[in-house]
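Got the sequence and the model open? Here's a quick briefing to read alongside them.

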Amino acid sequence: MEQSLEKTRLQRIFGSDIWYSFTHNPTAIISALVTLGLIFAAIFAPWLAPHNPFDLASISIMDGNLPPAWSAGGDTNFLLGTDDQGRGVLSTILYGARISLLVGFSSVIFSMVVGIALGLVSGYVGGRTDALIMRIADIQLSFPAILIALLVDGVARGVIPSDMHTDISIYVLIFAIGISGWVQYARTVRGSTLVEKNKEYVQAARVIGIRPFTILRRHILPNVMGPVMVIATIHLAIAIITEATLSFLGVGVPPTTPSLGTLIRIGNEYLFSGDWWITIFPGITLVVLVLAVNLLGDWMRDALNPKLR
Amino acid sequence: MDLLNINNLRIEFPSRHGTVIAVDDVTLTVQPGEVLGVVGESGAGKSTIGNAVIGLLEPPGEMTGGHVFLKEQGIDTLSPEAKRKIRGRKIGMIFQDPLTSLDPLQTIEQQLVETINLHLKLGEKKSQARAVDLLRQVGIPDPENRIKNYPHQFSGGMRQRVVIALALCAEPEVIIADEPTTALDVSIQAQILELMRRLCKDKKVGMLIITHDMGVIADITDRVAVMYRGKLVEEGTTAKILGNPDHPYTQSLISAVPRPDVRLKRFPMVNYIEAEGERKKLLDLSTHWLGKARDYKAVQGPFISLKNLVMTFVTKPALLKHNRVTFNAVDDVSFDINEGEVFGLVGESGSGKSTVARMICSLYRPAAGEVNFLGTDLTKIKSEKERDYYRRQMQMIFQDPFSSLNGRMRVMDIIAEPIRFHKLAGSNREVEQIVTDLLDHVGLGAQAAVRFPHEFSGGQRQRISIARALATRPRFLICDEPTSALDVSIQAQILNLLKDLQEELGLTMLFISHDLPVIRQMCDRVGVMKQGKLVEVSATEDLFENPKAAYTRELLDLMPRLDSLSLEGLEVENT
Amino acid sequence: MKLRTGLLAATMAAAIAVAAPAQAKTFKYAFQGDLSSLDPHSLNESFLLATLGNVYEGLVLYGPNLEIMPGLAEEWKLLTPTTWEFKLRKGVKFHGGQDFTADDVIFSWQRTLSEGSDQKVRGGQIKNITKVDDHTIVVETPAPNPILVQDLPYLLIMDKEWSEENGATNATSAAGDNTGNYANLNANGTGPFMVESHKADVKTVFKKNEDYWKDIDGNVTEVEFTPIKEAPTRVAALISGELHMVYPVPVQDWERLDKAEGVKALTGPEARTIFIGFDQGRDELLYSNIKGKNPFKDQRVRAAFVHAVDLEAIKEKIMRGAATPTGLLAAPQINGFVESLNTPYAYDPEKSKALLAEAGYPDGFEVTLDCPNNRYVNDEKICQAVTSMLAKVGVKVDLLAQPKSKYFGKVLSTSGYDTSFYLLGWTPGSMDVENVLSSLIVCQDPENKKGMFNLGNYCNAKVDELTAAIGSETDQEKRNAMIAEAFKIVKDEVGYMPIHQQPLSWGVSDGAEVNQRADNGLDYRYVTVK
Amino acid sequence: MFSFIFKRLLQSVVVMLTVALIAFAMFRFVGDPINNMVGQDTSQADREALAEALGLNDPFIVQFGRFALNAAEGDFGFSYKYRQPVSKLILERLAATLELSFVAAVLTLAIGIPAGVYTALKSKGLLSKGIMTLSLVGVSLPTFLIGILLILLFGVILRWLPTFGRGEVVALGWWTTGFLTASGLKSLILPSITLALFQMTLIMRLVRAEMLEVMRTDFIKFARARGLPDRAVHFRHALKNTLVPVITITGLQLGSLIAFAIITESVFQWPGMGLLFIQAVADVDIPIMAAYLVLIAFFFVVINMIVDILYYAVDPRLRVDNA
């Protein structure tokens, strides 16, 4: 019995139209591979990276501004060259991707949880609760994400004792980006909840006597996740970009533990000087990562939309 | 010569599960002024024919054989542009759902004039005049003003008339109507059919009408073509097909049609399409779990009695009470249901019959009135815990088998949920045992438990929801249009199943339907509702033989006549 | 396609070509900051003063090399240790045509002391001014002040009548709308240039003052100033030929500028010294893992720190060889500079480790370094480098780099010197070491406004004595000796960790010649456009 | 209709007050303004006097009340840094930002909508797949980097276009425009592209998605069945129905253009409100920050209102005269 269960579960995945459309869509496959690859690289950076750019004792400023290994004056030690502080660009990218992805994923999950919770409640309970939540959403919408992030960061730096900044700045960032994103989820989830809650399977559950919370959790939530996943993917890309933009506005992660965005911001200052590698390589990595994620989200949107099939 | 000649038509849908042959070597002809009915159940490929004729096959479908001739002229071979010129000009099309067939952002005048001008090049003025005239022909009152309106300002029936006007506006020679009345109430349906028949006769238009509804066939067609799984199984005059069909499929189809005139014991030979599956008949309730733990206290007085129920909906919300606009979906409804009987509730859409059901099982809280179940007024109960005791004893079966099951759960979990919630089984293994029992009890194998709803057909799903409803061992079952989304033969199976269960378990039932024949087959007593009010309650046979209320009479008159239906091999219940 | 873009290019190029000759003799330049006000007394900030120095003038002027030369005063002499006589220049007219007289000087001095003025410190150097005749005044100082004149170039003179007509007798204060706002948006000086139009933070246009009291070397008839915040944009604007000059230019872009045709980097040592300070006042550091005591009170620890930092590396890698490592808190351009003490502490990590061990921190300790990230040249990068260098001797430094507003908000007296270890830069407003000593080195003394910027409160009674004496010593010989002694003490006690004199870093197109003054000021008098 | 607008106005006031309140609650943390207002030699006593004069020592609710009351009279106070009335400063900058956002918006719609329609109609086509992917590259780069790269390419290497500022502007009353001079127009090109790129992609994808949905509706099928030519089906019926849902999002997107201008403006030294704001953040020029945020909120409210009115205009189902 159990065994056959497992079997059918696998069959379900591989038999599903989603899987079919995936295997028949090279773009989706490639971008999936790229994304996974980068995530892998980021997670295992400590083992993959030739150096640890975050360990200050190990970096020597005398290695600063070395060009990539293959060009004149390059050092095979630093495949993609070094930045002004003597950190290997390759290693910094790996560790940077780590931070970018951490910030990206965490903030997406954050806004997802908040958004879904509020959306479900708003849609299922309705009435005043709904009105209240949606008004709050409206107000927040009249306040662009980038500004919210700016202010949140500003406040955090104000209220948190300054000697902790370096340690918590990344969480602040996650919160700042996350809090500005929940509205989209809330609205979507609310919309689909309004549809689902009138479907007969929900009424059936209510006739049985199942309590609202359980209904939301067991019945409605799984059925509204589709669009949420699509938003989440796109949002991940946006979150990573936002992080980069924020670091341009000077509220990013500390330069001693740079993210991809911070690397680009730093490299920005070297665009005119000869040291192109300091910007270009992180830049390429960021584009590839975000592009892959976006393409993935694209495919998912079309694949999950029954009307498009 | 034939007006329309469909010759050895073959249509294929290539898919990843292999090529599906939607239409297989079908030949049909339509003469001027003739109405040809194409009847068949879902998946028979009847709509595909219609789309193929006007050259609007949904991709990836393609014509891989045969031809379509309009007055000897092959039109399937024409260029897309030429095909386009034929559409609307020579062949008009009417779709099922009038609510979605019209562009919501344009007045019907714009849409009419646009089409008329396109085909007849009359110029603005003349086109408008013709548009108004058309609306008059299709029976829209005060067309001069109504023409300025937007679709959403018309009722469903009126919209369908507008759609017909649009289909007619370029004087086509052939009209293809795809389920033209399925979305409409029976009273409207009769009018629309009458209208279509008249137009077709007056204008000598050939009509191809695609439907699953024997009533429609009986009402307006001259000839009928029966389709099954893409094949044309039988063709002949309407009387012949209904009277004494040759093909076994046609026979089973006919025998499955609920009859307005007599009441049958069961629907026989309905297993042509989907084997009904073995059911453990006549189980011994003293030993079987369904019998056990039926610790119900005996009922004194009526089993259920509704007193002056009122349900109010807010149509225009507002902060202040007095500017809210409300209407009474259910208005002062009272009736009793006795233990062991099947009580029917009939009425057109919006008559409030479903609302009543939902108030009984406390999905809605009544604005006023009492719901007395076993002598307790459920509306007074405050705590959920207390209510659970009654919930367990009354369960509901819903209309749409596709949305009434949570697609993300396995059948096992779906049926087990009520058992677990009401703690009706000790161990998990017992739960599984019960679920398996239930499944073959409703004629599905135990293996169904590990699968997901989307792997089942509509009929099978309805069986699953019945199993779920039975899982709490209820004594009262509410069936809200349980079969109206199903094909007739499947409907017959489900109705049989419900009949059997009702007998075996001595269930009391509230059976809701808009379909009078079905009501006649199922119910002991019937209540008729109109715009939230209960107009009549009487024993089924009385209701059909000598209705009291005028409205009931009206309804009965509008019922499609199926007198020509053959009676052979059916055992009539003599009351 | 190709052809079309080609064509497009051609037309564009043409457009620019015709646009070019139109602005002959107009000098266009950009700076990272903006000219926040036209009121010479509103803000005591070097860029503002240097720029307004082209419109307004003081009794004395800075020469091309910061030397003092006669301005609105033709000559001056010391009457008593505390009184000076100034002979004012005759026949000078303000842009508005009003005559320049003693009254204007007295008025301007009083204005620097008015509500809302940020020049109170300068004005405070003078106790009283008495008018002898229209072109002679006697200035009285609270105490003997040998370097009074050093402080006068930026005490800019405004016209009395004009100010009174326009209700600008008080300096423009930031606190709400005051009538003085007129002077904030308009200017009426005696300088070689007058303000044609001024839109704060957008663009300011200066026009040559044809009847300036003396001929100037430059040939510029019009000057157009635009602030450009982003360094890359600034450099791009220069290379693309839209501007004659931009500054500062990121040091790493010098190569690029020299490679690019038509532009070059103009560099030199600035009078600003960058240094790192230690909190030696508190008994326990605010931001450290060492509790109960303050490691920086131990001279060996401070020594360990200065020996752990490789100034040469910072110069080479971060400043691209442009900085001048230093051992003194005052730059050579500063009056009273002591050559002999300017050699930096030696880079010697081993010694540093030894010292730490000796001081009882064999494994080092943790401390937070406060650092601005948009104030000085590559400030944040310097801090990063220092951080990693100290890491090598076992000291774990948490770097807290913030924008200048937040940084200064934290470390300055306003929030009670909330720092343990900080990076700061200093240019003495008076271009004299006395200012360095009294601001950075003497013990904190809020009452007498002494040691206001001695954030770590390095404190040595002897040094305080000397500083006081230096302030009033009029004999240059003695004075220099005392200066040397004071700095010697500071250096021996490792009161500070001097880093370097940061470089001036200007980008100039071949179309123009400018004089680079050590205080980073641009004097239009010496600008020539070809 | 009227009562509706009135309701909206009421709402907008609430929104703006909330925004202002939140903003204010935050300002006290962004740094100490005084240090940016005085030179380094300025004494402690003077600094405190100034803080007192500015009312920085009052409890923030008092400061907020003061601000709200004055703001109601259109007086946003006095910039700490420029010592000028904030309203005047913002007015000077308003034109720059609005012109930039306007051009960007036009670009966004003029390219985004057609591209969306095209990719929807030819969804299987190679070109439309190309457009889809390409558009993604655009949003995969941070705006500031795009800006710098554009400057590098067109300003420094090709030297076709100016690298900063608005060029020559013509003053029409208090409004200054760059539309009337060649240099002004040229200066608009790079920033507006940089600003529009992101929104363009969003709008395009949105239109595509909606269009695809509409193309599957019955009334489109019925329109075809009546023999209407593609042109009529696509544009008279499909596109119009597509725009209904698109309008809202578009409204919000265009609103955020004004906000995103912050980055573009600081990259191109575009003398607009965004630049003013980001400078103000650096200098802790609270009055400017407050005014800016409230203004942004105001823009959003106005845009939303216009959107709702458009809705009424486009979609008969929403009109009051429903039968």
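Predicted model: local features only at pLDDT ≥ 70, side-chain atom pairs only at ≥ 80, totals over all residues.

Residues are numbered from 1 along each chain as its sequence is written, while chains are lettered from A and ligands numbered from 1 in the order in which they are written.

**Chain A**

- Chain A has 13 helices and zero strands; helices here are DSSP runs of H or I with at least four residues, strands are E runs of at least two, and both are numbered from the N terminus.
- Along its principal axes, the C-alpha trace of chain A spans about 75 × 50 × 35 Å.
- Of the 309 residues in chain A, 55% are buried. A residue counts as buried if 20 or more other C-beta atoms lie within 10 Å of its own, as exposed if 12 or fewer do, and as partly exposed in between, with C-beta atoms placed from the backbone.
- Take the contacts in chain A between residues at least 6 apart in sequence: 69% of them join residues at least 24 apart. Two residues are in contact if their C-beta atoms, placed from the backbone, lie within 7 Å.

**Where chain D meets chain B**

- The contact draws 21 residues from chain D and 24 residues from chain B.
- On the chain D side, the elements giving two or more residues are α9 (218–225) and α10 (230–268), and α9(D) has the largest share, with seven residues.
- By class, that side of chain D has nine nonpolar, five polar and seven charged residues. Ala, Val, Leu, Ile, Met, Phe, Trp, Tyr, Cys and Pro count as nonpolar, Asp, Glu, Lys and Arg as charged, and the others, Gly among them, as polar.

**Domains in chains B and C**

- Chain B splits into domain 1 (4–210) and domain 2 (304–558), with bounds that come from an automatic or database domain assignment.
- In chain B, the C-alpha centres of domain 1 and domain 2 lie 37 Å apart, and six residues of domain 1 are in contact with six residues of domain 2.
- The domain 1 side of that chain B contact divides into two nonpolar, two polar and two charged residues.
- Chain C splits into domain 1 (42–184) and domain 2 (272–502), whose C-alpha centres are separated by 34 Å.
- Eleven residues of domain 1 of chain C touch 13 residues of domain 2 of chain C; the domain 1 side has six nonpolar, four polar and one charged.

**A sheet in chain C**

- Four strands make an open, antiparallel sheet in the order β4-β5-β7-β6 (chain C); two strands pair if DSSP finds at least two bridges between them.
- The edge strands are β4 (73–80) and β6 (128–133) of chain C, each pairing on one side only.
- β4(C) pairs with β5 (residues 83–88) of chain C in the antiparallel sense over six bridges, and T80(C) has T83(C) in β5(C) as its bridge partner.
- Helix α3 (residues 102–112) of chain C lies across β5, β6 and β7 (136–140) of chain C, running at about 175° to β6(C). Axes are lines fitted to C-alpha atoms, for helices over the stretch in contact, and angles run from 0 to 180 degrees between N-to-C directions.

**Nonpolar cores**

- The largest nonpolar core has 504 residues, and V246(C), L369(C) and M289(D) have the most contacts inside it. Such a core is a set of buried Ala, Val, Leu, Ile, Met, Phe, Trp, Tyr and Cys residues joined through C-beta atoms within 7 Å.
- Helix α11 (residues 212–248) of chain A gives the most to this core, 18 residues.
- Apart from that core lies another of five residues, including I34(D), L50(D), L54(D) and Y80(D).

**Two residues in chain C**

- V494(C) sits in the loop between α16 (476–492) and β17 (496–509) of chain C, and counts as buried because it has 21 C-beta neighbours inside 10 Å.
- V494(C) and R302(C) are 192 residues apart along the chain, yet their C-alpha atoms are separated by 6.2 Å.
- E312(C) lies in helix α10 (residues 311–318) of chain C and is partly exposed, with 14 other C-beta atoms within 10 Å.
- Leaving aside neighbours within four places in sequence, E312(C) is in contact with P325(C) and Y347(C).
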